[in-house]
Amino acid sequence: MRLLADLLVRFRKSVLLLALTGILVAGSIGGGVAGSLSNGGFDDPDAEATVAARLLADRFGAGAPHLVMVATAPGSVDDPASVRAGVDLTSRLEAEAGVEEATSYWTLGAPSRLRSADGTRALVFATLSGEQGEILDRSAELVGAYRGRFHGLEVAVGGSGAFFAEVQDTVEGDLARAEAIAFPITLALMIVIFGSVVAALLPLAVGVIAIVGTFLVLQLLTQVTEVSIFALNLTTALGLGLAIDYALFVVSRFREELAAGHEPPEAVRRTVETAGRTVLFSAGTVAVSLSAMLVFDLAFLRSMGYAGIAVVAVAAAGAVIVLPALLAVLGRNVDRLRVRRRSVPDGETGVWHRLATTVMRRPVPIATAAVLVLALLGAPFFGVRLGASDERVLAPSSEARQVGEVLRSEFGSFETSPLSVVLPETGGDEVASYAAELSSLDGVGRVDSAVGTFIRGVLVVRPGPAHTRFAGEAGTYLDVVPSVDPLSERGEALVREVRAAPAPGPALVGGAGANQVDTAASMRGDLPWALGIIGAVTFVVLFMMFGSIVVPAKAVVLNLLSLSAAFGAMVWIFQEGNLSGLLGFTATGSLDITMPILMFCIAFGLSMDYEVFLLSRIKEEYDRSGDNEASVAEGLERTGRIVTAAATLIAVVFVAFATSGVSFIKMMGVGLTLAVLVDAFIVRATLVPAFMRLAGDSNWWAPRFLRPVYRRFGIRESQDHGADRPTVAVATREL
């Protein structure tokens with residue numbers, strides 16, 4: 001680190017010029033990354049439902065329609081004028097570029113299932129061709145072209161293409177709004193916290209580097225793998241938040257060295273050696289937590305892992321390389337445009353020192369009260385129900401959502417969400433008995449097949465032109481149209497019943513309900529690996545820092561306890577619908593299946609970030625004095641203000657994303673805000689000093705056989721500034 005520090009001081013202007021050039025290049029290449037990102041990634045590519053979907057597309061040219069239009073007639077959809085208008089609408093839609101097939105109530109022989117109960121609405125379907133990006137672009141164009149009146153019919157457009165196109169527009173708008181909210185508020189708070197305008201601008205500079213640099217990484221990744229558009233939300237939130245955290249520690253350490261009488265060049269060197277090393281180490285712990293998402297088969301979660309690791313790495317590089325070069329140029333001008341005088345914590349008179357000593361005088365009752373509060377907040381999580389997201393994640397004003405609600409409320413079955421049963425080696429008469437049996441299952445509205453339509457075990461519609469699509473050169477498939485919500489618990493049970501029914505040959509079951517079941521199974525299979533990676537690496541990293549197995553165990557337990565409180569709040573708010581009016585979302589009775597895992601990895605990483613800084617200072621004081629209680633109080637005093645300031649600032653960033661028009665992004669913003677604040681203000685302020693007091697000198701205990709490992713490979717104290725300054729010591733005394 002000393003060599004790096006010398007180079008940064010010597011070539012500070014060159015470093016800044018290279019950084020500025022890099023930002024411009026990254027912005028020019030990665031600025032349009034949103035257009036290259038995917039709206040999918042929520043399915044396991046190897047799951048049965050996904051394989052079934054591929055077979056449907058490849059062998060039968062079939063699949064769920066991309067666009068679903070609800071056409072409302074002034075009278076009945078069977079009036080001659082409405083029939084002519086409906087046929088014209090379908091024909092014109094099918095003639096559009098990019099439309100592979102278009103069908104409707106009027107062109108399929110007026111089946112009752114495609115007409116609303118009151119006869120005033122009918123459905124039109126369109127399947128588009130091309131890659132996902134092309135389908136979404138074309139969907140957005142067709143929505144604009146066909147929304148509104150058409151020859152007397154009032155047309156509303158929904159379906160997966162319209163839904164995901166609207167999600168993409170919403171996410172891009174959310175990013176702009178979140179940045180417009182977060183940047184000025186965080187800047188104002190940083191001016192107050194840092195005490196000067198110049199110092200407050202430095203974290204924003206690191207934030208820009210982190211965000212723009214990660215956009216470039218994501219753009220490059222899209223050339224080799226699928227990357228979700230929702231990675232942009234994580235990039236902006238985490239990039240700005242971590243930039244604030246790391247810059248806060250680095251700038252504060254630089255000020256401390258200046259106050260100690262060092263000239264700016266030497267202050268920069270000492271800052272890089274201490275704060276810089278600690279930032280790199282903390283960034284490593286965050287990156288490890290986020291890397292656990294790479295074990296999942298869902299591209300959505302892997303995308304979050306890509307974005308998270310990239311933004312952590314770029315933010316750390318910005319804080320350890322670019323920021324010290326800036327400080328070397330600024331020197332004592334870092335305090336220019338001062339708005340208040342900075343106060344220096346005064347040992348035992350500081351508020352955090354007094355808080356720590358108060359807690360340690362009564363560790364058992366205070367720790368018990370804090371644990372009970374967290375347990376009470378976390379209790380609702382025992383009733384969590386995980387499911388897939390649908391159009392209800394959008395605002396009530398969304399047309400795609402309104403179409404979905406009309407389909408659920410006014411049509412007798414879930415026409416756009418059938419279970420597709422693919423029989424790749426089966427055909428002939430044996431299909432009829434199988435279709436009849438499936439139609440008899442509870443929760444099945446009907447079964448459409450090459451041999452006709454079955455309801456309650458009875459053939460009700462003989463084979464006609466509409467049924468020929470179910471037969472191919474090799475095999476056949478059936479559409480099992482449910483009479484229950486395919487994404488509900490009953491819908492999941494129906495998937496299992498259909499799969500358990502004896503089939504005349506190999507059978508693959510796909511569709512929305514099957515996707516949800518398979519996604520949950522995939523997540524359950526990968527989750528132990530992800531948790532194992534986080535737990536094991538965290539334990540090893542903290543052991544190598546502190547030479548103790550007690551400290552890592554305590555850190556993991558307390559982090560899990562604080563996260564359970566945030567998760568319980570998420571169930572109470574977003575699953576049960578409390579505060580839905582205030583926050584502006586619609587509760588569906590479940591949480592998106594990917595959100596708890598995503599939030600866990602992010603929040604756990606941030607918790608460990610704060611843990612590293614706090615415990616490093618405590619260990620530094622303990623090595624110096626050998627007094628456990630005094631070192632805990634001193635460590636909390638030296639880090640309490642800056643950790644809570646960092647948590648408050650990153651919470652502002654997450655709150656800005658709670659304004660999202662997509663409910664699960666809103667949930668991520670609210671959940672991470674609660675997790676960060678609970679960790680900083682309850683866990684770090686009460687539980688850490690209480691448990692450190694109860695453990696006493698055993699905090700730093702390790703089994704005899706592990707001590708040589710720590711002596712050989714552990715992070716040792718720096719030899720550059722004396723034995724009283726550990727190399728990972730927290731780099732701050734003041735703000």
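Does Leu579 count as buried, partly exposed or exposed, and at what relative accessibility? The legend to View 1 gives the answer, and every view is taken from a predicted model.

**View 1. Leu579, a residue with a positive phi.** Leu579 counts as partly exposed, at 40% relative accessibility. This residue is found in the loop between H17 and helix H18 (580–583). The phi of Leu579 is near 70°, although the residue is not a glycine. Most residues other than glycine have a negative phi.

**View 2. Leu337 in the loop between H10 and helix H11 (351–361).** Leu337 is not a glycine, yet its phi is positive, at about 60°. With 55% relative accessibility, Leu337 counts as exposed; the cut-off for this class is over 50%.

**View 3. The aromatic pair of Phe230 and Phe300.** The structure holds twelve aromatic pairs. In the pair of Phe230 and Phe300, the ring centres are 5.9 Å apart and the planes stand at 75°, so the pair is edge-to-face; an angle over 60 degrees is needed for that description. Phe230 belongs to the loop between helix H7 (197–221) and helix H8 (231–259), whereas Phe300 belongs to helix H10 (residues 299–330), so the pair ties together parts that are 70 residues apart in sequence. Both Phe230 and Phe300 are buried.

**View 4. A cluster of rings formed by Phe60, Phe470 and Tyr477.** Ring pairs link these three residues.

**View 5. Lys619 and the ring of Trp700.** The charged end of Lys619 sits over the ring of Trp700. The distance from this charged end to the centre of the ring is 5.7 Å.

**View 6. The second largest pocket and its lining.** The space in the second largest pocket amounts to about 480 Å³. The pocket is lined by 20 residues, and those closest to its centre are Leu386, Arg524, Leu527, Ile593 and Ile597. Two or more lining residues come from each of helix H15 (489–500), helix H16 (512–546), helix H17 (550–575) and helix H19 (595–625). H16 supplies the largest share, with eight residues. By class, the lining holds 17 nonpolar residues, three charged residues and no polar residues.

**View 7. Asn233 in helix H8.** Asn233 is buried, with a relative accessible area of 0%. When neighbours within four places in sequence are left aside, Asn233 is in contact with Val171, Asp174, Leu175, Phe657, Ile665 and Met668.

**View 8. Leu242, also placed in helix H8.** Leu242 counts as buried, at 0% relative accessibility. Not counting residues up to four places away in sequence, Leu242 touches Val312, Ala315, Leu606, Asp609 and Ile650. Between Leu242 and Gly144 the separation is 98 residues in sequence and 40 Å in space, from C-alpha to C-alpha.

**View 9. Gly640 in helix H20 (residues 628–657).** Gly640 has a relative accessible area of 4% and is therefore buried, as the cut-off for this class is under 20%. Along the chain, Gly640 and Leu614 are 26 residues apart, and their C-alpha atoms are separated by 7.9 Å.

Key:
Residues are numbered from 1 along each chain as its sequence is written. This is a predicted model: local features need pLDDT of at least 70, side-chain atom pairs count only at pLDDT 80 or more; totals for chains, interfaces and linings use all residues. Side-chain values use heavy atoms; hydrogens and water are left out. Rings of Phe, Tyr and Trp (its six-membered ring) pair if their centres lie within 6.5 Å; planes under 30 degrees apart count as stacked, over 60 as edge-to-face and the rest as tilted. Helices (H or I, at least four residues) and strands (E, at least two) are DSSP runs, numbered from the N terminus. Buried means under 20% relative accessible area, exposed over 50%, partly exposed in between (1.4 Å probe, protein chains only). A charge sits over a ring if NZ of Lys or CZ of Arg is within 6 Å of the ring centre and within 35 degrees of the ring normal. On a 1 Å grid over the protein atoms alone, a cavity is a set of points where a 1.4 Å probe fits but cannot get out, and a pocket is an open set with protein on both sides within 12 Å along at least five of seven lines; lining residues have an atom within 4 Å of a point. Grid points are joined across faces, edges and corners, and a volume is the space filled by probe spheres set on the points. Ala, Val, Leu, Ile, Met, Phe, Trp, Tyr, Cys and Pro count as nonpolar, Asp, Glu, Lys and Arg as charged, and the others, Gly among them, as polar. Contact means heavy atoms within 4.5 Å.
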